[in-house]
Amino acid sequence: MLLRTVARRSSRWITALGLLVVTLAACSTDQYPQTTLLPRGDFAKIADDLLDTTVRWALLVFVLVEGVLLYAVFRFRGKPGDAEPHQTHGNTTVEVIWTVIPALILAAIAVPTVRAIFQTNATPGKDALTIEVVGHQWWWEFRYPEFNITTANEMHVPVGRMVSLRMGSNDVIHSFWVPQFAAKRDVFANRETRMWFTAQAEGDYPGQCAEFCGIQHGRMAHRIKAQKPEEFQAWVAHMQTLGPKPPGAAAPAGDQQYALGEKLFTGKGCIACHSFAAVNAPKGMVGPNLANIGSRSYLAAGTLKNTDENLARWIRDPQGIKKGVLMPNLGVTEAEAQALVAYLRAQK
Amino acid sequence: MATRVLDQHPAHAAAHGEKTGLWSWVTTVDHKRIGILYGATAFFFFLLGGVEALLLRIQLGSPESTFLSPDTYNQLFTMHGTTMIFLAIMPLSAMFFNYLIPLQIGARDVAFPRLNAFSYWVFLLGGLFLNSSFLFGAAPDQGWFGYANLTSKQYSPGLNVDFWMLGLQILGIASLAAAVNFFVTVLNMRAPGMTLMRMPMFVWMSFITQVLLLLAFPVITVALILLMYDRFFGSNFFVPSGGGDPLLWQHLFWIFGHPEVYILILPAFGIVSEVLPVFSRKPLFGYAAMVFSGVFIAFLGFGVWSHHMFSTGMGPLADTFFALTTMLIAIPTGVKIFNWIGTMWGGSLQYRTPMLFAIGFIAMFIIGGLSGVMHSSPPADLQQTDTYFVVAHFHYVLFGGSIFGLTAGAYYWWPKMFGRLLDERLGKLHFWLMLIGFNLTFFPMHFVGLHGMPRRVYTYPEGLGFDLMNQIETAGSFVLTVAFLVFLYNIFKTSRQPRNAPADPWNGATLEWSIPSPPPEFNFAEIPTVHGRDALWEMKRQRGGQLPEPIRASGAGIHMPNPSYWPLVTAVGVLAVFVSLMVIGHTGVLGVAAAIALLFVGVYMWAYEPAG
Amino acid sequence: MTAHAHPAHLETSTGLDNRKLAIWTFIGSECMFFATLISNYLVNKGRSLVGPYPHEPWTSPAGQHFEPIFEIPLVTLGTALLLFSSLFVVLALSGAQRGDRKALLGWLAATLACGIFFVGMQVYEFTHFVHRGLGFTTNLFGSSFYTLTGFHGTHVTIGVIWLATLWIDALRGRLQPHRALNLEMAALYWHFVDVVWIIIFPVVYLIK
């Protein structure tokens with residue numbers, strides 16, 4: 001009788017709590033663009049299904065156990081003059097029951113868990129799109145060996161085709177986190193780690209480094225642009241036209257700012273750390289590849305929106321915006337910055 | 001070991017029993033005084049860690065805040081974690097080990113009073129060393145678990161990691177010394193009739209904790225040595241370019257690190273297991289189950305470490321193994337929770353402050369345990385790890401668990417230690433403020449973590465939906481601040497009351513309540529003989545509720561150990577060795593040799609201290 | 001203040017003296033310490049990027065040739081002496097417990113001689129290795145080897161100092177039978193140090 005009451009009350013509690021959880025987890029990627037709770041990729045779905053399973057059991061246990069605790073707190077409240085209660089020492093049957101039942105619940109979690117472990121560790125098939133991810137302090141490098149192109153901080157993927165990530169680090173341990181499509185995997189300097197996902201919805205999604213990697217760990221974000229396959233192919237084709245630029249070649253005719261910016265890019269030393277070659281890009285550069293910097297949404301690994309004003313600010317005072325970043329303050333004047341912005345804005 | 005016989009003359013005895021003055025504290029080998037030293041020092045560091053947390057919360061209270069620079073933030077979050085774990089929770093537990101273990105087993109002191117003092121001084125000096133880093137603007141900033149290869153000389157060229165590495169080494173020595181001491185004390189110094197299965201549960205949990213300390217600390221000692229060799233002498237244990245493996249650090253660290261979290265929680269388990277029966281007026285439910293679940297947790301605790309490494313790509317077999325062991329360890333943990341509830345069930349519950357904190361502990365620990373189970377599934381954990389979800393988890397078990405438990409112990413044993421009862425009304429206010437503040441601060445972290453906020457980030461942008469939850473968390477941290485101010489006020493107010501607490505204000509079940517509050521230097525005028533569990537309840541039952549025999553005021557004829565300053569000298573020697581390693585660039589091998597010489601002098605004089 | 005000697009044997013719950021239990025406890029902890037160091041050696045085995053190597057010859061890119069670095073016969077001798085020293089310290093302890101001053105001094109001196117030879121052997125070995133091109137930071141093998149055997153050697157050295165101090169005590173007639181526990185504790189530590197070497201020797205030197 002008590003059990004039925006408890007069960008009925010609990011199921012109502014569970015529903016109420018579940019609704020509360022869902023409400024608080026209010027699901028829309030507009031509100032929570034980086035949420036793990038709205039999976040849009042197969043890997044992330046596996047993780048989310050497991051979360052669902054564990055949350056359900058956790059809520060059940062929570063309601064039951066906290067409920068019993070709360071009940072005891074009220075029911076057995078001592079009053080002055082109370083006689084000494086019955087001096088129970090234990091009950092072996094009850095001990096067995098409350099050892100076995102949790103074990104069964106855990107088994108119910110373990111079975112789908114083990115299955116999912118092997119699923120998520122499987123090697124993607126040959127038609128997967130391989131993307132190499134290299135973590136740097138504090139930006140992300142993305143290479144597409146299939147197309148021989150390299151970019152930074154913004155990863156384009158085609159919807160509906162499996163992506164196979166092969167990952168490493170240029171320096172310390174970072175963690176590549178794609179909450180919407182996959183999950184996270186650490187990257188190391190001395191071994192390759194892997195993750196895979198298939199994007200199942202278009203869109204522009206943020207992610208962040210998830211392993212403390214030094215002073216600017218908090219500003220090491222990336223973006224994934226999941227595109228229709230044709231749009232993705234168009235992007236690839238365009239990137240494949242971006243080789244190292246001969247001087248003056250792409251200069252819009254008579255554009256003084258562009259020409260000045262181009263001269264400054266070498267003169268100020270930017271060229272030592274940054275390459276414009278998306279194709280056959282050199283490896284191990286200190287700074288991100290800038291082949292399509294003009295069209296990226298963000299600057300400095302998600303730190304600033306890519307506007308002309310922000311770009312000028314960044315060029316003039318990277319240390320003030322992202323203290324400790326490996327890009328030094330080079331004493332660039334306002335006028336020089338404008339020229340450089342014009343030059344960079346044209347690299348799209 | 002040098003001892004003295006307590007004086008025959010009552011007047012002298014009273015005077016000698018309570019030595020005052022700084023020197024008496026500096027040379028004390030009395031476990032009760034050492035306990036108080038541990039407690040006061042740990043509480044100070046706890047408040048320091050709390051201030052660090054408050055600063056972090058202010059920074060995170062709004063997006064893109066510039067209240068703290070990134071390097072300051074990183075130092076603060078590292079020191080907050082390191083301080084809370086090594087300088088607050090562990091030594092607060094040590095306060096209770098020190099004060100209570102001899103009293104609860106019916107002994108006059110610990111097995112090695114000077115070793116006991118030594119461990120306190122090393123702890124104090126280690127804590128000061130670690131925090132002196134702030135003076136150099138080089139507080140540790142690599143996170144409390146210091147992952148390689150961020151900690152290599154190349155990526156952390158400053159003194160920050162050195163302070164952390166050497167500071168932890170010093171603290172490890174304190175823990176090991178204390179662990180040897182308490183292990184022997186519990187095994188060897190129990191009153192006649194007190195078999196292992198008649199010991200108070202606090203003593204059992206503390207005993208298991210000592211075993212964990214003895215077996216876990218050597219592992220981090222080696223890890224820190226290897227890191228030191230990499231940083232100071234150019235080896236490549238954790239440096240990839242030299243063939244080393246950063247993952248090796250993680251394995252070594254977590255083989256220590258996971259048992260460490262059981263070191264942090266088991267004493268609180270023990271405290272709660274003392275408080276609940278007394279304030280339920282019935283014995284602990286399932287004593288044997290509680291003992292065996294504690295032993296099983298400790299044993300299995302050495303088999304789960306890579307659940308901290310699920311995102312490193314260890315492969316499906318390793319992931320599966322550690323997932324299963326982690327799930328397994330939830331079972332004995334659950335058994336404990338159920339036995340605590342079973343203790344309350346059918347009792348006559350007395351809602352005094354210690355009981356409120358004990359019940360709060362259970363309620364909060366259940367939540368922390370459940371989020372732990374959620375982490376145990378690697379594919380799900382790959383979304384949760386390194387986010388605020390795990391920050392929520394470990395704060396529920398360490399704050400909601402350990403701190404609530406330790407606070408219950410503080411209110412419970414305050415009268416025994418200081419002869420005064422803490423104010424009940426202020427205590428209740430403290431409890432409710434702490435419960436509300438704690439949940440406001442940490443519950444939203446479950447959500448903000450699942451919504452994509454990583455941990456250890458010094459700021460976050462607008463537009464990710466983190467703002468409101470962070471605001472709530474920051475507000476909660478201010479409520480917590482008020483809670484601690486109330487506690488401080490309670491302590492201050494109580495200190496001005498007369499010292500007239502009775503020996504047994506709570507109708508306790510264990511032997512410490514049979515002697516005066518506070519106890520005389522010799523603890524027990526006569527060592528009691530024990531006939532069962534809950535020894536004091538048993539004795540009172542046989543005397544119609546009265547405490548056994550009137551307590552003698554004089555300890556005439558009792559041998560007590562002499563005070564000594566060699567433990568302090570030796571502790572200074574230990575500090576000197578590590579400081580000399582830190583400055584080896586300036587003082588060279590000669591400096592290290594001099595420090596070692598000081599250490600040897602301390603040890604030698606200690607060993608050969610004349611008797612009587 | 002009356003001078004009472006502290007009762008040598010208070011009743012203990014296990015029947016063992018506190019100090020004896022303490023040294024066993026400490027040894028238990030030290031087992032984990034050496035287990036970790038040995039594990040570190042094994043983890044790094046075969047991972048060195050360059051030589052010299054323990055069991056194989058190696059030619060550097062610059063053309064310098066290195067023979068396998070270990071000199072087993074010398075270490076075997078040191079090992080044997082260390083093993084015998086455990087026997088000697090047992091005999092010394094027996095002498096102490098019986099009040100046989102000659103046996104105590106003689107066998108304890110023999111123990112010390114073996115210990116000193118062992119440490120000397122290691123110092124010679126290390127110096128020789130460095131001359132032959134294996135420095136502490138040369139490769140992972142060097143770092144792991146010197147760390148493991150260096151810590152063991154340090155433990156032996158501490159043991160030697162401890163036993164030497166007791167030998168001086170014995171010489172001054174201060175190691176009477178009722179204080180034999182002091183020697184017993186040192187002897188237990190000494191046996192531990194020996195057992196650790198019994199593991200290190202095959203794992204490091206013999207197994208390829």
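Reader: In strand 8 of chain A, what is the bridge partner of Val163(A)?
Author: The partner is Phe197(A). This is a predicted model, where local features need pLDDT of at least 70, side-chain atom pairs count only at pLDDT 80 or more, and totals for chains, interfaces and linings use all residues. Residues are numbered from 1 along each chain as its sequence is written, and chains are lettered from A and ligands numbered from 1 in the order in which they are written.

Reader: How many bridges join strand 5 to strand 8 of chain A?
Author: There are 6, and the two strands run antiparallel. Strands pair if DSSP finds at least two bridges between them; strands are DSSP runs of E, at least two residues, and helices are runs of H or I, at least four, numbered from the N terminus.

Reader: And strand 1 of chain A, how does that run against strand 5?
Author: Parallel, with 7 bridges. Val133(A) has Met167(A) as its bridge partner in strand 5.

Reader: Which side chains of strand 5 are buried?
Author: Val163(A), Leu165(A), Met167(A) and Ser169(A) point to one face and are buried. Buried takes 20 or more other C-beta atoms within 10 Å of the residue's own, with C-beta atoms placed from the backbone.

Reader: Switching to the cores. How many residues has the largest nonpolar core?
Author: It has 339 residues, and those with the most contacts inside it include Phe197(A) and Val122(B). A nonpolar core is a set of buried Ala, Val, Leu, Ile, Met, Phe, Trp, Tyr and Cys residues joined through C-beta atoms within 7 Å. Helix 7 of chain B gives the most to this core, 22 residues.

Reader: What does Val122(B) touch, sequence neighbours within four places aside?
Author: Ile170(B), Ile173(B), Ala174(B), Ala177(B), Ala571(B) and Val574(B). Contact means C-beta atoms, placed from the backbone, within 7 Å.

Reader: Now the chains. How many residues are in contact between them?
Author: 70 of chain B with 77 of chain A. Helix 10 of chain B gives the most to the chain B side, with 14 residues.

Reader: How are the domains of chain B assigned?
Author: Domain 1 is 3-564 and domain 2 is 565-612; such bounds come from an automatic or database assignment. Their centres, taken over C-alpha atoms, are 29 Å apart.

Technical notes: A residue is buried if 20 or more other C-beta atoms lie within 10 Å of its own, exposed if 12 or fewer, and partly exposed in between; C-beta atoms are placed from the backbone. Two residues are in contact if their C-beta atoms, placed from the backbone, lie within 7 Å.
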